[in-house]
Every structure is written in structure tokens, then in C-alpha cells.
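My notes follow in the order I looked.

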Amino acid sequence: MSRLTVVGAGYVGLVTAACMARLGHHIIVMDVDADKIESLRKGKVPIYEPGLAELIAEYRERIEFTTDHADAYKSGEFIYLCVDTPSTASGDADLSRIWQAIDNLPPDEGEHIIVTKSTVPVGTGALVKAELDHRGYRHIMYASNPEFLREGTAIADFMHADRVVVGADDPAIAARVAALYKGIDSPVLATDVASAEMIKYASNAFLATKISFINEIANVCEATGADVTIVAKGMGMDRRIGPHFLQAGIGYGGSCFPKDVSALKQLAGNSGYHFQLLNAVIEVNELQKRRVIGKLKRYLGEELRGRRIALLGLAFKPNTDDIRQASSIILASRLLAEGAHVVGFDPVATPNMRTLLPAVTYVESAMEALQGADACVLVTEWNEFLELDWASAKTTMARPIVIDGRNALDGPALANMGFTYEGVGTRSIA
Ligand code: UGA
């Protein structure tokens, strides 16, 4: 079993730490945030990810938490970089935390393999390697091992990965990184560092493209009377297309797709190539978030001032408290700008949203959000909204109007109860 130092106690770092501990490895998690490390030591996991707290608790004896770089690096045979790489103002990836981690490496003689899990632009590994060589750190090797975890199902995605991608210049290094995954029944693709880095960007950009594509089809369906849910089903039955990531809705969000699509576009541009398709993917996604406003105006009239609009769900998708680039942010901000009274509820993401948009009224339950509402928008398809007692909800709303931003509710059933229902790319039912 190996000793791994995980740098960065965010989603990726903690999931990697917990799952690698489960595979039998000894882990030291290092983060510069002393409060975070202190709460992790006490067994409190600072993010919401189903099963993560339990997994960390189960393998707690194999996981240490520290803020001490020197200590953490010294004992790690593998140093996993799991720091975040947010977008800069120019849309490039901000690599400052990667460089910070490199700066903190101890100039000892112990052998280490730096493994980058953070999403970094193609070419970053080569730059890091050159910098290590420049500093004379020839005892430190390098590999890229991108992550393909989805928030909300990250542990299952790790333990049952479709593939494990390992990029290294030396096949022996790739084999050592791949060996860490022994116990997981997933194919390993060993390749060079640049290709591994590109696999990550290309995968996320392709999935985002699929979503923007089906969203445009949905918009054309609305104009022509077709139903996108059936269209997506029919398309997905073609094995060359596949059924996944064809759910039309109010746009993709999260900490990955928006950032990575933009970073790939900038990466291409910086290399002298104009990646036209990604411009459209981004623009379609931005417009998709705003289309709900037009739908609300169709039912409530042009004037939304003073209208009470209930937003069910604020997280960028269910089973996470993450609101980064969530469609709810654009939607709530646009509604507030129109003078609407926005009432929001999310089972776990409310505290994050409250800090960002204090002008929204946050309530404790979906039913409370719907009380007196002129319309309701399903923003995030949490199970509890699908299982809501909609018949009671109808009696409490001022007007029974439901805009289903995720095509997740049973439209005909709601219409039978007397709701006016409209999804995305489906026929509206009154
Ligand atoms: C995404 C990728 O799916 C992971 O493989 C990748 O590892 C991760 O980014 C990352 O780079 O770290 P994640 O952002 O957690 O994972 O969430 P997804 O489940 O992919 O959903 C992203 C957004 O797309 C959500 O807002 C979701 O509502 C939306 N979506 C997804 C759709 O609108 N339609 C779909 O059919 C699927």
C-alpha cells in the first residue's frame, strides 16, 4: 500500500483521499485553510457530498489532516495536486495554486511522484516538469491523472470509473500511478501528459456541447410543437449518440463545465486557433438560463414587478450544496432586476446562496416558498420536489403556474390538478 499526500481539501481532494483510503492507501490531506483542517480532524466534512463523511469516518485511521506542507510532502510517495483552478478574468485557468504547491515542495532527496488531478490547461504538466528540472528536483517525477467525478455521485464515479487516465512521459511512472487503483474494475488508459490533460477538457467540453445542442433542439421543439423528451429518447437509442447528457433544461452550471469550456476556448485561442463551436455552446447556455423570464411574462404579463416567484432548488444540480455558476443565480438576479419578489428554497444550498444574493427571501420548505406564489420555477430537480404534495401546493399558491426548468415533474398529472404547466421543449399544458 502506498502513502499519498493530497494537496487541497475541496471536493476532488476529499473524495480522492477517502476513496484512496478505502483502496488501502495511507493518506495525508494538506490544506492551507486551518479552519477546514481543524473541522476535518473533528470529523466534520465541510462540503455536502453523499457518502463522503461516512467514508472518511470509516477509514479515519488511514487519513491524516494537516496544514504543514513540509511534513505532508516529506512522507508522500505520491503528491496528488487537487487544488482548484478557477477561471481568471480573461477566461484562462488560474494556476496560482498549482504553482504555490510546487513552490512549497521540500528540496529533499526523497523520491516523489507529483500527480495532477486538478483540471489544468494542456501544456501545464510540461511547464511543471521544466520548472522542477530547473530547480534541480530530479528526484521528483510527474504524472497527470485527471478526474471525471460528478458532484453528488463522486464516490460511485471514483469506485466505478468508466476509465482511469494516466499521462506520464515514463511508462514506469504511469504504471505506478495506475497501480494505486488496484481494486477498481476500470480500464486504464496510459498516455502522454499532454493528451491526458486534453482528454479532461475535451470530455467536459463535449458533454457541455451535448447539453447546449439538446437545449437548442428544445427551443426549436417549442416553436414547432415537437417534444424534446421524446426526441432525446429517440436520438439516444442510437448507440453512436447515447442517451446521456441529452436532458434539456435551463442550462448547465457548476464549477466545471462553464470554467472548462471557457478555458479550452482560451487555450485554443492562445495557441492561435479559433474554436468556433465552443462560442456557440457558451452563448446557448447563457441564453437558456434567461428564457424562463420570457415564459413567466407570457403567463403573468410583461410587468413582473411585485410578483411573487418561487424558485424550487438553488444548487446547480441535485445532491450538492454547490451553487457555482448555477442557473438559479442568473434567474434570481434577472427576476430581482424586474422587481419581482423572489422566494427561494433549496434542501442544502440555501446558506451559500444567501451570502451571494441576500435580496432573495429564503424559506425553510418548498411549501413555504409556494405560499402565495404567482408562479413557481423548478430550478433544481431534487427528489423532494418531485415527491411534493402538489395538490396541497395548488391550494396555497396565488396562481397555479409551474415552469419546470428540468422537465422533471409529471406535467399531465399537474395539469389534471388544475396547474398550468410548461417544461423546456415540451408542449405547455393548461
Ligand atoms: C462534470 C462532469 O460530468 C464530470 O465528469 C467532471 O469530472 C466534472 O464536471 C469535473 O470536471 O470536475 P459536475 O459538474 O459535477 O460534473 O456535474 P454534471 O452532472 O456533469 O452536471 C453539470 C451541469 O449540467 C448541471 O448543471 C446539470 O444540471 C447539467 N446537465 C447535465 C444538463 O443540463 N443536462 C444533462 O443532460 C446533464
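**Salt bridges, then the ligand**

I started with aspartate 103, which is partly exposed at a relative accessible area of 48% (buried means under 20%, exposed over 50%, partly exposed in between, with a 1.4 Å probe and protein chains only). A note on what I have here: this is a predicted model, in which local features need pLDDT of at least 70 and side-chain atom pairs count only at pLDDT 80 or more, while totals for chains, interfaces and linings use all residues. Residues are numbered from 1 along each chain as its sequence is written, and side-chain values use heavy atoms, with hydrogens and water left out.

Which residue does aspartate 103 meet in a salt bridge? I found arginine 135, at 2.6 Å from N to O (a salt bridge is a side-chain nitrogen of Lys or Arg within 4 Å of a carboxyl oxygen of Asp or Glu). The two are 32 residues apart, with aspartate 103 in helix 5 and arginine 135 in the loop between helix 6 and strand 6 (helices, H or I of at least four residues, and strands, E of at least two, are DSSP runs numbered from the N terminus). Arginine 135 is partly exposed too, at 30%.

Next I looked up glutamate 147, which forms a salt bridge with lysine 200, their closest N and O atoms being 3.4 Å apart. Glutamate 147 is in the loop between strand 6 and helix 7 and lysine 200 is in helix 9, so this pair ties together parts 53 residues apart in sequence. Both residues are buried.

I also noted arginine 150 with aspartate 157, at 2.7 Å. Arginine 150 is partly exposed at 40%, whereas aspartate 157 counts as buried at 14%. The structure holds 25 salt bridges.

On to the ligand. How many residues surround it? I got 19, and Glu147 and Lys200 are among the closest (near means a heavy atom within 4 Å). By type, the shell has 9 nonpolar, 3 polar and 7 charged residues. Helix 9 gives the most to this shell, with 3 residues.

Then I checked atom pairs. A polar side-chain atom of lysine 200 lies 2.5 Å from a ligand oxygen, and a side-chain N or O atom of asparagine 204 is 2.7 Å from a ligand oxygen. From glycine 253, a backbone N or O atom comes to 3.0 Å from an oxygen of the ligand. Taken alone the ligand exposes 710 Å², and the protein buries 92% of that (Shrake-Rupley method, 1.4 Å probe; for residues, only the protein chains shown count as cover).

Conventions: Polar contact = N/O pair within 3.5 Å; in protein donor to acceptor, adjacent residues only side chain to side chain. Nonpolar A, V, L, I, M, F, W, Y, C, P; charged D, E, K, R; others polar.
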